[in-house]
Amino acid sequence: MTHPLALVTGASSGIGAATARALAAAGHEVVCAARRTDRIADLAAEIDGRAVTCDVTDPDAVAALAAEVGDRLDVLVNNAGGAYGLDPVATGDVEDWRAMYEVNVIGTLRVVQALLPSLVAAEGVIVNVGSIAGRTSYEGGAGYTAAKHALATMTETMRLELVDQPVRVTEIAPGMVQTEGFSLTRFKGDRERAEQVYAGVAEPLVADDIAEAITWMATRPRHVNIDLMVIKPRAQAAAHKVHRE
Ligand SMILES: NC(=O)c1ccc[n+]([C@@H]2O[C@H](COP(=O)([O-])OP(=O)(O)OC[C@H]3O[C@@H](n4cnc5c(N)ncnc54)[C@H](OP(=O)(O)O)[C@@H]3O)[C@@H](O)[C@H]2O)c1
């Protein structure tokens, strides 16, 4: 029996790894892509999937990923991404801004362009992992919120452009999710600062919460397009309005 095929980018950690596991549990063969080969190799072995080392900002690596996936793809989860820094616009690091745009937006663009024919051939679904940062602004966040706003508008535009094609285009926009890498990456390895983000929050979301939601979005019948799912912990009313005990 052939299983539906899914590709998850950024599958070496956090939301991506949890999503690869959840899609596998739901009956998919999963291609796990990320830069850290050892991690995705272990995950692929665990879920009986395939690992492909890929930096989504590298055109040759994305072309090789698409070749490995082949001419049919049922589910594409564009999850590779992240935030670098929390500086005000006035003093923000231009290279951080460029890197955030490169991974969250251009990386997604490259993967979508490479795999759209395979998704159309399989009547597949794209799930872009956006953020509430793509719907609102907060102090220090502009480099990241600008990139996730760009991803949100790219998702909406694709839905308009592809309305006559057998492919669905969706976005999940999580709020605070306590993952292995997100805040550590934002604060460039400063563990104490990273932990402060979740201090006193009784129950932030965890990667499995998002993975479950993505899997639900990806497994609706072919005529059902979940345009956008915004998902936050109960203790978070807005990006900057978090209840701490
Ligand atoms: N945590 C949150 O609060 C939150 C909220 C809303 C949205 N999000 C979004 O959710 C996604 C996953 O974040 P997370 O919280 O799970 O963080 P994470 O644990 O740091 O995971 C990030 C993943 O992205 C991969 N990645 C980063 N740059 C890449 C590149 N150039 N090419 C390929 N893969 C790359 C990383 O793998 P390698 O380093 O091995 O390449 C890693 O697997 C991101 O798009 C993030 O913006 C997170």
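How many nonpolar, polar and charged residues does the shell around the ligand have? By class, this shell holds 13 nonpolar, 12 polar and four charged residues; Ala, Val, Leu, Ile, Met, Phe, Trp, Tyr, Cys and Pro count as nonpolar, Asp, Glu, Lys and Arg as charged, and the others, Gly among them, as polar.

Welcome to a predicted model, where local features need pLDDT of at least 70, side-chain atom pairs count only at pLDDT 80 or more, and totals for chains, interfaces and linings use all residues. Residues are numbered from 1 along each chain as its sequence is written, and side-chain values use heavy atoms, with hydrogens and water left out.

**Around the ligand**

S12, S13, R35, Y144 and T179 come nearest among the 29 residues around the ligand (a heavy atom within 4 Å). The table lists polar contacts, meaning pairs of N or O atoms within 3.5 Å.

| Residue and its atom | Ligand atom | Distance |
|---|---|---|
| D55, polar side-chain atom | nitrogen | 2.9 Å |
| K148, side-chain N or O atom | oxygen | 3.1 Å |
| G181, polar backbone atom | oxygen | 3.1 Å |

Of the 880 Å² of accessible area that the ligand has on its own, the protein covers 94% (Shrake-Rupley method, 1.4 Å probe).

**Two helices that meet**

Helices here are DSSP runs of H or I with at least four residues, numbered from the N terminus. The axes of helix 3 (residues 59–69) and helix 4 (residues 94–121) come within 9 Å and cross at roughly 35°, with axes fitted to C-alpha atoms over the stretch in contact and angles running from 0 to 180 degrees between N-to-C directions. On the helix 3 side, P59, V62, A66 and V69 meet R110, V111, A114 and L115 of helix 4 (heavy atoms within 4.5 Å). The residues of this contact divide into seven nonpolar, no polar and one charged.

Notes:
Polar contact = N/O pair within 3.5 Å; in protein donor to acceptor, adjacent residues only side chain to side chain.
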